[in-house]
Amino acid sequence: MLQKIYGDAYTNSTAQQNVSSIVFAGTVVGMLIFGYTSDHWSRKWSLMISTIILFVFAALGAGSYGAGGSLGGMLAALTAYRFFLGIGIGGEYPAGSVGAAENTGELKSGHRNRWFIMFTNFQIDFGFVVAALVSMILVLIFTEDHLRACWRVALGLGVIPPMSLMYLRLKMNEPEEFNRERMHKFPILLIVK
């Protein structure tokens, strides 16, 4: 949509590559940070913080604006917000999938894998399909004459999934397996070796 709206000003800038790929860099950083915090601190609060990051930077991305209305400033702001959004996405992977694995480990044998796949891989794939459908429906609603509003609404709808998870994450308990097998002292010399 941005290419169609802003034309050569968008396609001839570095923003075209940055806006689409910067989320991946943020995701890697988020996986490293939240992988550590979810193992050494808390799965629940790591998920809660990543959910808050998702909510805040999805909203900021939808409302990104350049100083004085400049296109370059808006694209720079959008790129920065999408990087931090990637950090929130990266936080969901290590804390969420390990928490799901630990919780399904308490289920009886023969049912574990089904529920683990349902709450991890299936949800990711389902999200890709829903995102494509929502974008298509928004373009049909706004028509191609109002794409400026359409891309902002499409990004703004990204606040709904994290907002809907806030209450559930707040009420979530640490998995029993995490509390049972949590390391309080770490073999520093072994880690260095």
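These are my notebook entries on a predicted model.

**Entry 1, salt bridge**

I looked for salt bridges in the model and the count came to 1. Glutamate 92 pairs with arginine 169, with their closest N and O atoms 3.0 Å apart. I then looked up where the two partners sit. Glutamate 92 is in helix α5 (residues 71–104) and arginine 169 is in helix α9 (residues 160–171), so the bridge ties together parts that are 77 residues apart in sequence. Buried or exposed, I asked of glutamate 92 and arginine 169? Both glutamate 92 and arginine 169 are buried.

I stayed with glutamate 92 and listed its polar contacts. The side chains of glutamate 92 and arginine 169 are joined by a polar contact of 3.0 Å. The side chain of glutamate 92 also makes a polar contact with that of threonine 51, at 3.3 Å. Leaving out residues up to four places away in sequence, I found that glutamate 92 touches Leu47, Ser50, Thr51, Leu54, Ser97 and Arg169.

I turned to the nonpolar cores next. The largest one has 13 residues. Which residues have the most contacts inside it? I noted Leu2, Tyr6, Tyr10, Val19 and Trp151. At least two residues of this core come from each of α1 (2–6), α3 (15–40), α5 and α8 (147–156). I checked the neighbours of tyrosine 6, again without residues up to four places away in sequence: it touches Leu71, Met74, Arg148 and Trp151. Another core, of 8 residues, lies apart from the largest one and has Phe34, Ile53, Leu54 and Ile87 among its members. As general background, nonpolar side chains tend to be buried together in soluble globular proteins.

**Entry 4, aromatic pairs**

My count of aromatic pairs came to 4. Phenylalanine 57 and tyrosine 81 form one that is tilted, at 6.4 Å centre to centre and 40° between the planes. This pair links distant parts of the chain, since phenylalanine 57 is in helix α4 (residues 43–62) and tyrosine 81 is in helix α5, 24 residues apart. I compared accessibility with the 20% limit for burial. Phenylalanine 57 has a relative accessible area of 19%, so it is buried. Tyrosine 81 is at 23% and therefore counts as partly exposed.

Phenylalanine 83 and phenylalanine 84 form an edge-to-face pair, with 5.5 Å from centre to centre and 75° between the planes. Phenylalanine 83 is partly exposed because its relative accessible area is 24%. Phenylalanine 84 is at 36%, so it too counts as partly exposed. I also recorded that ring pairs link Phe57, Tyr81, Phe83 and Phe84 into a cluster.

I wanted to know whether the length of α7 fits its residue count. Helix α7 covers residues 121–142, which is 22 residues. After α7 comes threonine 143, whose phi is positive, near 65°.

Where is histidine 111 found? I located it in the loop between α5 and α6 (112–119). Histidine 111 has a relative accessibility of 27%, so it counts as partly exposed.

Methods:
Residues numbered from 1 in each chain as written. Predicted model: local features only at pLDDT ≥ 70, side-chain atom pairs only at ≥ 80, totals over all residues. Heavy atoms only, no water. Helix = DSSP H or I, 4+ residues; strand = E, 2+ residues; numbered from the N terminus. Expected span 1.5 Å × (residues − 1). Salt bridge = Lys/Arg side-chain N within 4 Å of Asp/Glu carboxyl O. Buried < 20%, exposed > 50% of the residue type's maximum accessible area, 1.4 Å probe, protein only. Core = buried A, V, L, I, M, F, W, Y, C linked by side-chain atoms within 4.5 Å. Contact = heavy atoms within 4.5 Å. Polar contact = N/O pair within 3.5 Å; in protein donor to acceptor, adjacent residues only side chain to side chain. Phe/Tyr/Trp six-rings, centres within 6.5 Å; stacked < 30°, edge-to-face > 60°.
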